[in-house]
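Here is a short briefing to read alongside the structure.

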Amino acid sequence: TGGELCDDGNMVDTDACTTGCVFSAASAYCGDGTRNGTEACDDGNLGSGDGCEIDCTVTVASTPANVCGDGVRRGSELCDDGNVMPADGCEADCTPTQVLTVTCPAASLPAPTSSCDVAPGSTTKLIVGTVLQPGRVLRGGQVVVDPMGMITCVGCNCLAAAGANPTGILCGDNLVSPGLINSHDHLTFPAAPYVAPGVGANGLLADGGVPERYEHRSDWRGGVDGHSAVSNGGGGNSNQTRWNELRQLLAGTTSISGSGGALGLLRNLDAPDTSATSDSQLGLGANTSGGNYDTFPLGSSTSEQLVGSCAYSSKPNPMTDIPANAVYLPHISEGIELAARNEFLCLSGLASGSVDVLSPRTAIIHGIGVRPAEVRATAIKGSSLVWSPRSNVVLYGETAQTPVYHRMGVNVALGTDWVRSGSMTLLRELSCANYLSQSFYGQYFSPLSLWRMVTVNAAQAQVVS
């Protein structure tokens with residue numbers, strides 16, 4: 001009950017469920033997603049009636065009951081994404097989200113003659129085009145932006161809100177979307193995309209093999225465990241950082257958590273929302289204190305790839321490192337080996353000697369090497385996941401199991417990571433995410449779900465009201 005992750009009815013601290021009612025990292029347990037010992041099954045959760053019971057025995061019922069929201073599509077269900085959230089691709093009644101398309105009456109403005117024409121007027125802007133909203137598309141819709149940059153009207157008839165003689169931005173059938181939010185990048189790292197030695201134009205090695213893949217980020221950062229090192233290409237100057245922001249802006253991104261940035265282009269969400277006069281101060285962040293972008297929550301040493309121990313040289317302090325009114329953005333479990341999973345166990349309160357940084361103000365970056373039970377802990381604490389599929393696949397050959405995160409109710413946002421191994425822009429990252437969904441996830445994520453990852457979901461992950 002409550003915040004317990006398990007409760008086995010005893011106060012024994014050496015079995016699968018500790019006295020603190022959290023899973024033990026030292027032993028296998030029912031619900032860890034791996035069949036061990038006498039377990040007849042283990043589906044990685046503690047639900048019943050889904051084929052594998054809470055005690056890891058096979059569900060006896062020949063026909064499981066339909067439960068909309070359990071993540072398993074059965075019977076008359078047309079979809080089941082594991083939650084009852086509306087307008088996220090699958091509705092609370094397990095039918096696909098029907099995007100309402102509204103054709104607005106023609107606006108009393110000149111028709112565009114190219115992709116987007118501008119009719120000069122006052123400092124208030126009236127944008128006309130195919131306007132995207134969660135669950136609704138307005139063909140010929142209108143958006144009004146006041147002189148201070150605030151959106152004051154979205155609908156079919158915003159002429160009154162626009163006032164006299166607004167500047168018209170007339171885009172015909174072209175899409176008008178909320179500005180995209182990039183939830184993860186490293187803007188001060190300007191080096192070109194990394195290409196492994198010997199890789200040809202077809203993306204393969206000369207002998208027909210594939211480029212080197214890594215098990216943990218320390219492997220490529222330090223060239224350890226028999227691996228080749230990859231230069232991170234950091235130390236960009238102000239102009240290079242501005243270029244990194246400009247290429248994001250040209251693809252529709254207006255806000256970013258970039259672990260640094262340049263003054264005056266994008267809204268730097270991980271910076272304080274204060275008046276700024278230089279790049280070192282930035283400004284226009286989501287709140288007065290700024291977020292905590294924690295690239296190395298457990299220290300940056302390449303030698304500390306621990307398993308079964310939380311004896312890292314440093315660990316964050318949840319009381320001080322999670323901002324009171326902003327977000328905490330730690331890189332956790334970037335890799336596919338047990339050492340990557342161990343990072344999550346030692347930062348979630350699930351292992352002896354661990355700290356717990358999971359909270360509604362926490363957005364985990366990467367989260368690759370975790371199991372379903374750990375995803376469940378993330379969902380229980382209300383934390384978000386920031387997904388960077390292209391960078392993950394390039395470096396590790398694998399990425400976070402986002403359908404599992406989504407089915408368990410974790411809010412998922414999208415980020416480009418950096419240009420070395422990630423995408424040049426969010427549009428490229430969206431294309432990568434869509435390819436994975438279409439080719440490997442059974443078309444799990446709809447276009448609406450992916451669009452939410454860079455708008456609605458990203459706002460939820462990045463901005464604390």
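This is a predicted model: local features need pLDDT of at least 70, side-chain atom pairs count only at pLDDT 80 or more; totals for chains, interfaces and linings use all residues.

**Disulfides**

- The count of disulfides comes to six, and three of them are described here, beginning with the pair from the question.
- In the disulfide of Cys 310 and Cys 346, the sulfur atoms are 1.9 Å apart. Cys 310 lies in the loop between β10 (292-294) and α4 (318-321) and Cys 346 in helix α5 (residues 338-346), so this pair ties together parts that are 36 residues apart in sequence.
- Cys 310 is buried at 7% relative accessibility, and Cys 346 is buried as well, at 0%.
- Cys 104 and Cys 156 are also joined, with 2.0 Å between their sulfur atoms. The torsion about their S-S bond is about -65°, so this disulfide is left-handed. Cys 104 sits in the loop between β1 and β2 (117-119) and Cys 156 in the loop between β5 (151-155) and α1, so parts 52 residues apart in sequence are tied together.
- Cys 104 counts as buried at 9% relative accessibility, whereas Cys 156 is partly exposed at 25%.
- Cys 41 is linked to Cys 52 with an S to S distance of 2.1 Å, and this link is right-handed, with 95° about the S-S bond. Both Cys 41 and Cys 52 lie in the segment before β1 (100-103), so the pair ties together parts that are eleven residues apart in sequence.
- Cys 41 is buried at 14% relative accessible area, as is Cys 52 at 3%.

**Cavity**

- The structure holds one cavity of 30 Å³ or more, and the largest cavity has about 130 Å³ of space. Of its 14 lining residues, the closest to the centre are His 216, Arg 217, Leu 298, Gly 299 and Glu 343.
- Helix α2 (residues 217-222) gives the most to this lining, with three residues.
- The lining of the largest cavity is made up of four nonpolar, six polar and four charged residues.

**Positive phi**

- Most residues other than glycine have a negative phi.
- Asn 165, not a glycine, has a positive phi of about 55°. Asn 165 is in the loop between α1 (159-162) and β6 (166-176) and counts as exposed, at 54% relative accessibility.
- His 366 has a positive phi of about 90°. His 366 belongs to strand β12 (residues 363-366) and is buried, at 1% relative accessibility.

Technical notes: Residues are numbered from 1 along each chain as its sequence is written. Side-chain values use heavy atoms; hydrogens and water are left out. Helices (H or I, at least four residues) and strands (E, at least two) are DSSP runs, numbered from the N terminus. Buried means under 20% relative accessible area, exposed over 50%, partly exposed in between (1.4 Å probe, protein chains only). On a 1 Å grid over the protein atoms alone, a cavity is a set of points where a 1.4 Å probe fits but cannot get out, and a pocket is an open set with protein on both sides within 12 Å along at least five of seven lines; lining residues have an atom within 4 Å of a point. Grid points are joined across faces, edges and corners, and a volume is the space filled by probe spheres set on the points. Ala, Val, Leu, Ile, Met, Phe, Trp, Tyr, Cys and Pro count as nonpolar, Asp, Glu, Lys and Arg as charged, and the others, Gly among them, as polar. A disulfide is a pair of cysteine sulfur atoms within 2.5 Å.
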